[in-house]
Amino acid sequence: MYTVSVRSLCDFAARSGDLDLRFTPAPSAQEGIAGHAAVHRNRADTYQSELRLSLHWQGVLVQGRADGYDAPAHCLEEIKTYRGHFRNIAANQKALHWAQLKLYGAMLCETHEHECVTLALIYYHIDTHKETREQQTYSRTELLQFFQQLTGRFLIWARQEAAHHDYKLRASELLQFPYPTFRSGQREFAVQVFRDLRDARTLLAQAPTGIGKTLAVLFPALKAVQPAGLHKVFYLTAKNSGRQMALDSMRTLQQGEQQQWRVLELVARDKSCVHPDKACHGESCPLARGFYDNLPQARQIAITHALLDESTLAQIADEHQLCPYYLQQEMVRWADVIVGDYNHYFDAAALLHHQTIEQEWRVAVVLDEAHNLLDRARSMYSATLSEAALVAARKQAPANLKRCFGQLKRVMHDAAADYESGIHYTDTMHDELSQISQHTASRLASYVAENALPNSHPLLAFYFDLLFFAYLTEQFSTHSLLEFQQTALGVDISIRNVVPASFLSPRYGDAHGCVLFSATLSPAGFYNDVLGLPSNSSRCDIASPFKAKQLQLYIQPVSTRYADRQSSLERVCQAVGQQYERQKGNYLLFASSFEYLRQLEQGLGGWYPDIPLWTQASGMGSEQRQAFLDQFHAEGQGIGLAVLGGVFGEGVDLPGKRLIGAFIATLGLPQYNDWNEAVRDRMASAFGEQQAYNYAYLYPGMRKVVQAAGRVIRSEHDEGVLFLLDERYAQARVAKLLPAWWPAARRLG
């Protein structure tokens, strides 16, 4: 038997016509719940709310909850909350609502043997509290015929999905590791991942480079599908390189040519959109026109591909004249393994998280290079209110809204009045700013609901920014800071998240199990605190397969602090130049900033003019980055200069002779400035003064150092040299943060 909800059945079988994503502000989940409750309060005491109904037909069990049933009137109701004009509700959207209600009507009549029932579609305006009622009486025969028609469209698919589900469970049980043996540490890691996903726990795992981490996570995640009853595995990354490694690992795990796992790659909208100059509706974009009419055939073709990566999905979309971005979103429901970005599950409006809750999926969430989640989550839960954007939006606003904009602008200036030019931070929310932001967002919501605006319209863009800013003012607490910045165009006010733990924590709970893994997740207490991991989380630290004899480690006692950088140049350049002359080959030199990088480039060019140098530039595109990496070929010689913490500090694989050594001319600490001092104060409030410096400066800095140093030894066959060019590396509190397998450092004179 295959079980499907009324909503999912209608989404599959009752949609037709164009894709239409012209923005209409919908009520929030909380407003929707409040709207339903308001309608229920207007009903008699005999009214039954949230009436559970189900009906089985030809191997498909359809179930759901009707919003309400008035037994004396024999009337079944479906309640929809909305904003804007009632006339703006699209005809195909109304048809979808009626389809849901008619399914409930069929289930009620068939279960309780009623010969007819009155169906009422109630549209409740969330702002005016007005009900608009559409009502019709249907016979049991009519409704059952509709039920069978819709379910019949789904029936072939349901049988196919039921068979795939059974096959997936068997495949999980029978899955074998694709290689004769495990690498050192790989089996230990895989066993820990399996146990925690099976037993619904969150795991924080530090696993070194070289053990095959991606395969060591995906293999046990698939093995856990059967015992844990998992519907999906989400493999989430911060970078494209991690996504590609996951796809390659899934190719390895697919046994022979027989399909086992449906793998879907999620790609950002700006990368997959074929017509970025067009709006997402049938009147503008040809790939939105007739989207739901063309979808069934494309969907059927798509599931025959075990691996729906970006290019495969784009080809299918092109053959069926569909938008590839929204085709991939449709295929989320039918994929077993989904490879995407952190944002797809952890963002405030994340697709994968929304679907997990909506579809009641049991999911395993796996985070590659999880040390990146801190900075990414901070950006997800930060927002800016710009006076320049406000002024641009006000010019496009109708007269009755201009006063509202004026009030908001006045309050922004009042809030920033105590702060002079520059950037300033406070840990206190300005109450009037919060109130006027929410009020203005509400006024704008009513306007844009009644007036279809193009996505590029400045008023709509400002509304989106304001809406999220207003939301974060309500959430403001010790995890964030309020930032004021005076610019040439006016004041900018930002909510800057510092500790995203409270936003991330519920997402772990909504998953069956989570695995966060990286080569640099130490100390564990820091990541537990800032990422909000559950108190019963597991921890494992896999020993490195590398040996101390593979690496030569040197510490140069020189100060690379900002005030000492000019005087440090000669000693740093000597250490670099002398090592290169002793052993020619390819090296990376990491510095703290582009400014210091240029100084080192000039110094090396002057003292060692024969050494080939190539230098990272700010804002390099993908082709420029690849050209930089192409310099590191096995027969090459020279030094690539890069910024620590930048694109070449992690996720770069240069094995063997492509890279024989690295120099790190910095401790990697974040710059001492007002922002980082504000972060330090926030960390002190949250975790105590004793940890504040470590959490704000030392741990983030040393994570970048260890990541960059990890470019040197990539396999058990590599050998290399590493120079830590700063005297602070000899300090005990710094040295204990270096990898345990590294040899004792030799101190240079």
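These legends accompany close-up views of a predicted model. Residues are numbered from 1 along each chain as its sequence is written, and side-chain values use heavy atoms, leaving out hydrogens and water. Because this is a predicted model, local features need pLDDT of at least 70 and side-chain atom pairs count only at pLDDT 80 or more, while totals for chains, interfaces and linings use all residues.

**View 1. Helix H16 and its buried residues.** Helix H16 spans residues 387-396; helices (H or I, at least four residues) and strands (E, at least two) are DSSP runs, numbered from the N terminus. Here Glu387, Leu390 and Ala393 are buried, meaning under 20% relative accessible area with a 1.4 Å probe and protein chains only. They cover an arc of only 120 degrees around the axis, which puts them on the same side of H16; the arc is taken from the directions from the helix axis to the C-beta atoms. An α-helix has 3.6 residues a turn, so residues three or four places apart point the same way. Covering the buried residues are, among others, strand S13 (383-386), helix H17 (399-416), helix H19 (458-475) and strand S16 (490-497). Look also at the start of H16, where a side-chain oxygen of Ser386 comes to within 3.2 Å of the backbone nitrogen of Ala388.

**View 2. His344 in helix H13.** You will find His344 in helix H13 (residues 343-346). His344 is buried, with a relative accessible area of 18%. Its side chain reaches the backbone nitrogen of Asp341 at 2.9 Å. Beyond its neighbours within four places in sequence, His344 is in contact (heavy atoms within 4.5 Å) with Leu266, Ala350, Leu351, Leu352 and His353.

**View 3. An open sheet of 8 strands.** Follow the order S10-S9-S11-S8-S12-S17-S7-S18 across this open sheet, where the pairing is parallel; two strands pair if DSSP finds at least two bridges between them. At the edges lie strand S10 (307-308) and strand S18 (538-541), each pairing on one side only. Within the sheet, strand S9 (residues 263-265) and strand S11 (residues 337-341) run parallel and are joined by 3 bridges. Leu264 has Ile338 of S11 as its bridge partner.

**View 4. An open sheet of 7 strands.** This open sheet has the order S21-S22-S20-S23-S24-S19-S25, with parallel pairing. Its edge strands are S21 (613-615) and S25 (746-747), and each pairs on one side only. Strand S19 (residues 551-555) runs parallel to S25, and 2 bridges join them. To place this pair, find Tyr554, which stands opposite Arg746 in S25.

Note on methods. Buried < 20%, exposed > 50% of the residue type's maximum accessible area, 1.4 Å probe, protein only. Polar contact = N/O pair within 3.5 Å; in protein donor to acceptor, adjacent residues only side chain to side chain.
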